[in-house]
Amino acid sequence: MKLLVLNGPNLNMLGIREPALYGSRSYADLVRFIEETAKDAGVEVEVFQSNHEGMLVDRIQSAMGVFDGLVVNAAAYTHTSVAIHDALKAVGLPVVEVHLTDPETREPFRHVSYVKPAALATFAGYGFDSYARAIRFLSEALSSK
Ligand code: DHK
């Protein structure tokens, strides 16, 4: 089983950006955490980060036939991107939405998610553990298919 984890804009700034909200661990720490979680769950994982909407769309499209599922933190694009929503629907792979914080408890402009309607589940507000919950959820959902 092979999962692709997609991270959107400004997540590469983890550890520097608003540590009171996003924590003091770096993006490299997050990637390491995801890789260790995947190893423990017995799944292969690839992690991709981009600050560019089109790059994320390209990565989603090229996941077709290569990956079994997607874990998506589209970051700010969560709240704006019909293009990412359409790409997720187009490839038809199982998607789990994740966020470090819980956008629904933050500013009103974060209350809309264009990823959610394309996702099987959302894990938000658990910090790095949102990714662990998503990986375990997808690996269980896919192995019981
Ligand atoms: C990350 C971001 O960069 C924000 O734009 C989202 C998300 C929330 C997170 O919590 O992981 O609103």
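Mentor: Gladly. The largest pocket holds about 160 Å³ of space. This is a predicted model, where local features need pLDDT of at least 70, side-chain atom pairs count only at pLDDT 80 or more, and totals for chains, interfaces and linings use all residues. Residues are numbered from 1 along each chain as its sequence is written, and side-chain values use heavy atoms, with hydrogens and water left out.

Trainee: What makes a set of points a pocket, and what makes it a cavity?

Mentor: Both are found on a 1 Å grid over the protein atoms alone: a cavity is a set of points where a 1.4 Å probe fits but cannot get out, and a pocket is an open set with protein on both sides within 12 Å along at least five of seven lines. Grid points are joined across faces, edges and corners, and a volume is the space filled by probe spheres set on the points.

Trainee: Which residues lie nearest the centre of the largest pocket?

Mentor: Y22, A75, A76, R106 and R110 do, out of 15 lining residues, where lining means having an atom within 4 Å of a point. By class, the lining has seven nonpolar, five polar and three charged residues. Here Ala, Val, Leu, Ile, Met, Phe, Trp, Tyr, Cys and Pro count as nonpolar, Asp, Glu, Lys and Arg as charged, and the others, Gly among them, as polar.

Trainee: How many cavities of 30 Å³ or more does a search of the whole structure find?

Mentor: One. The largest cavity has about 30 Å³ of space, and its lining is L6, L56, I60, V72, N73, A74 and I84. Six of these residues are nonpolar, one is polar and none is charged.

Trainee: Why is A75 called buried?

Mentor: Its relative accessible area is 12%, and buried means under 20%, exposed over 50% and partly exposed in between (1.4 Å probe, protein chains only); A75 is therefore buried. A75 sits in the loop between β3 and α4; helices (H or I, at least four residues) and strands (E, at least two) are DSSP runs, numbered from the N terminus. Phi of A75 is near 50°, a positive value in a residue other than glycine. Most residues other than glycine have a negative phi.

Trainee: Is H79 buried or exposed?

Mentor: H79 has 13% relative accessibility, so it counts as buried. That residue is also in the loop between β3 and α4. Leaving out residues up to four places away in sequence, H79 touches P103, F109, R110, V112 and Y114, with contact meaning heavy atoms within 4.5 Å.

Trainee: What is the accessibility class of E18?

Mentor: E18 has a relative accessible area of 45%, so it is partly exposed. E18 belongs to the loop between β1 and α1 (19-22), and its phi is near 25°, again positive in a residue other than glycine.

Trainee: How do you know that the buried residues of α4 line one face of the helix?

Mentor: The buried residues are I84, H85, A87, L88 and V91. They fall within an arc of 165° seen down the axis of α4, so they line one face; the arc is that of the directions from the helix axis to the C-beta atoms. K89 and A90 are exposed on the face turned away from that buried side. The cover over the buried residues of α4 includes α3, β3 and β4 (95-99).
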